[in-house]
Each structure stands twice: as structure tokens, then as C-alpha cells.
Amino acid sequence: MQAWQVHENGEPSEVMRLQDVERPTPGDGQVLLKVRAANINFPDVLMCRGHYQVRPPLPFTPGVEICGETEDGRRVIANPALPYGGLAEYAVADAAALLPAPESLDDAGAAALHIGYQTGWFGLHRRARLETGETLLVHAAAGGVGSAAVQLGKAAGATVIGVVGGADKVAAARELGCDVVVDRRSEDVVAAVKEATGGRGADVVYDPVGGEAYTQSTKVVAFEGRIVVVGFASGTIPSPGLNHALVKNYSILGLHWGLYNTKNPKLVQHCHEQLTELAARGVVKPLVSERAPLAGAAAAVQRVADGVTTGRVVVVPSLENGAAA
């Protein structure tokens, strides 16, 4: 089979190589899956660079989220068991963790429903306890993680403010349902959010960016507000001033979604049922901006690394090279 492999750490476009390799052999409790679609996530970038908390042995195949097909023909959503990731024709996954792919979504949409939406659901509902009528601020609202949070926030009855970078992402955020969109490249984020909330600020801030975005969050979070720390796509990990959290009465909430798979896997199943229902109603639908062939995977991962993508980029092995759409 064909699979992308990383033999040394570095930028994805420089270290990913498409190679002919043997199909992986499932271990105890694992199954072999034919990859129907693989959604690119920022952890794929970090793993290529050697900066992720999980460091698979070299060489490894990136791709932490797929829609796959079992040997008996079932469509499933899975997190491949590294080092046999999803940017390949076949991957392996733990049989106990397979989730049924929603019938309402195609392969690319199903592949993109899992990590970003699970993270959003746990962040907004389990950690921040978002309530109907509250204001939610989402950083990188047109990106893969942010777009999921926007849709889930709207589904929960919140007023959603999206922060994005660039005119094309402004349009995407509006289409996703943001009530207010702030272009950080041309607007003062703090002033714009305060104006939009009548000076009160946001009840919940969803931050997958870190760096300057986190600093802005502390300036616009409301009294008894909650900042959900999801990741650091900016590359800068903030050092929170706890005295500031004390004097403004806000909470800083960390979220590592992967822990729920071992600490409370029943919650992951419950969340998937909720997401499947929302997808069936059309309330949430992954924003898939590009479907790339397997041969284009390294370039696609690099675009995610460079922060130039909107929504989700999904690799579909059945597409012929040059047939991205």
C-alpha cells in the first residue's frame, strides 16, 4: 500500500515521504481499516515537528482522525493507532473505540466530525458549562477547531463572536453563523468585543491559539467568565497572571480531550451520539474546504501548518492525483 512516512522531524513538506510499504498488521484488540478519508489536524503538524505530547517512533505515518471501512463494510470514525496513522491507504485502530460514521455526512464530513467537534463539545459543555443566552468568543473561528466551536455554540443558543484573520475568513465565519465577526488584521479585537457586548465582555472564550489571543481573552472575559484553553496554534504558550484572574473573577479551564478516552470513555460515546443527532438535524456540518488526493497530503499538512486554510482539509485516497475539489 501507499503511506506517507516521517523519518526525521521537521516541517511537514520537508519530512513527509510517500512510500510503498506493507499493510500494517493489527495487534490485540485492533482492526485493519481501509482509509476512506483522513482529516488533517494541527497535532499532525506538531508530530512532524516532534513537538506534540505524543511522539510516535520514527518512521511513522501521520493522520490522527479518519473515516474508515471495516473488513465487513461498515463505515466508522476512528483515531488510528500510531505509528500507523491515517495518511495512508490502510490504518489500524482500537476496535473498542470505533464509532459509527453518521449517515448524514459523506466520508470527508464524517472524518472531520470527531476530534474538533468532540473537543468543542467537551470544552463548551463539560468544562465551561455554556448556557443559552450567554456570549461565546471563538478565536480562529474559521479554522478547523474554531468552526466546530462556532456551530456548537450556536446550537447551544449562545451569541457567538468570531475572531479571524483576513477577509476570506471573515466571510467563512459569517457563513458558519457568527453573530459578530472581528478581523484581527484590521480591527482592534479588544475594542470590537467590548463594543459588541456593551462593555460586559464574553461569558466563555474558546482559545485554540494561545499567544496574543490569550492576552486578548483576559481583557474581554466577563465577570465570572470562563476561558477554555484548547491549544497553542500560534506557537506561543501563555503564562497566565493568576492575580489577574483573581481580581476579575474569571476561570481558566484546560482541556485535553484525549484524556477522556482513558478517564471516561463513556462520555466520548455520549458526545458522539449528541454530535450524530446534531449532524442529522443539519445543525452542525463540518466545513470541508478542500478534499485532497493522497499524493497531495504533505502539501495539505503544510498549509495547515502555515495557517492559510479555512475549515477542514481532508485527504481522500480514492481521489486521483490532481482531482482535489
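Tutor: Let's begin with Trp121, which is buried because its relative accessibility is 12%; buried means under 20% relative accessible area, exposed over 50%, and partly exposed in between, with a 1.4 Å probe and protein chains only. Before we go on, note that this is a predicted model, in which local features need pLDDT of at least 70 and side-chain atom pairs count only at pLDDT 80 or more, while totals for chains, interfaces and linings use all residues. Residues are numbered from 1 along each chain as its sequence is written, and side-chain values use heavy atoms, leaving out hydrogens and water.

Phe122 is buried too, with a relative accessible area of 0%. The structure holds two aromatic pairs; rings of Phe, Tyr and Trp (its six-membered ring) pair if their centres lie within 6.5 Å, with planes under 30 degrees apart called stacked, over 60 edge-to-face and the rest tilted. Trp121 and Phe122 make an edge-to-face pair, because their planes meet at 80°, with the ring centres 5.2 Å apart. Phe122 also pairs with Tyr260, this time in a tilted way: 4.2 Å centre to centre and 35° between the planes. Phe122 belongs to helix H4 and Tyr260 to helix H10 (residues 260–263), so this pair ties together parts 138 residues apart in sequence. Helices (H or I, at least four residues) and strands (E, at least two) are DSSP runs, numbered from the N terminus. Tyr260 is buried, at a relative accessible area of 15%, and ring pairs link Trp121, Phe122 and Tyr260 into a cluster.

Now follow the chain onward from H4. Arg129 sits in the loop between H4 (115–127) and strand S8 (135–139). Arg129 has a positive phi of about 55°, although it is not a glycine, and it counts as exposed at 51% relative accessibility.

Further along comes helix H5 (residues 144–155). Its twelve residues should span 16 Å at 1.5 Å a residue, and the end C-alpha atoms are 17 Å apart, which agrees; the expected span is 1.5 Å times one less than the number of residues. Nine of the twelve residues of H5 are buried, so the helix is largely enclosed by the rest of the structure. Among those buried residues are Val150, Gln151 and Leu152. Gly157 follows H5 and has a positive phi near 85°.

Asn249 is another residue other than glycine with a positive phi, near 60°. Its relative accessible area of 39% makes Asn249 partly exposed.

One more aromatic ring deserves a stop, that of Tyr90: Arg23 lies over its face, 3.9 Å from the ring centre. A charge sits over a ring if NZ of Lys or CZ of Arg is within 6 Å of the ring centre and within 35 degrees of the ring normal.

Pro59, in the loop between helix H2 (42–49) and S4, is joined to Leu58 by a cis peptide bond with omega about -10°.
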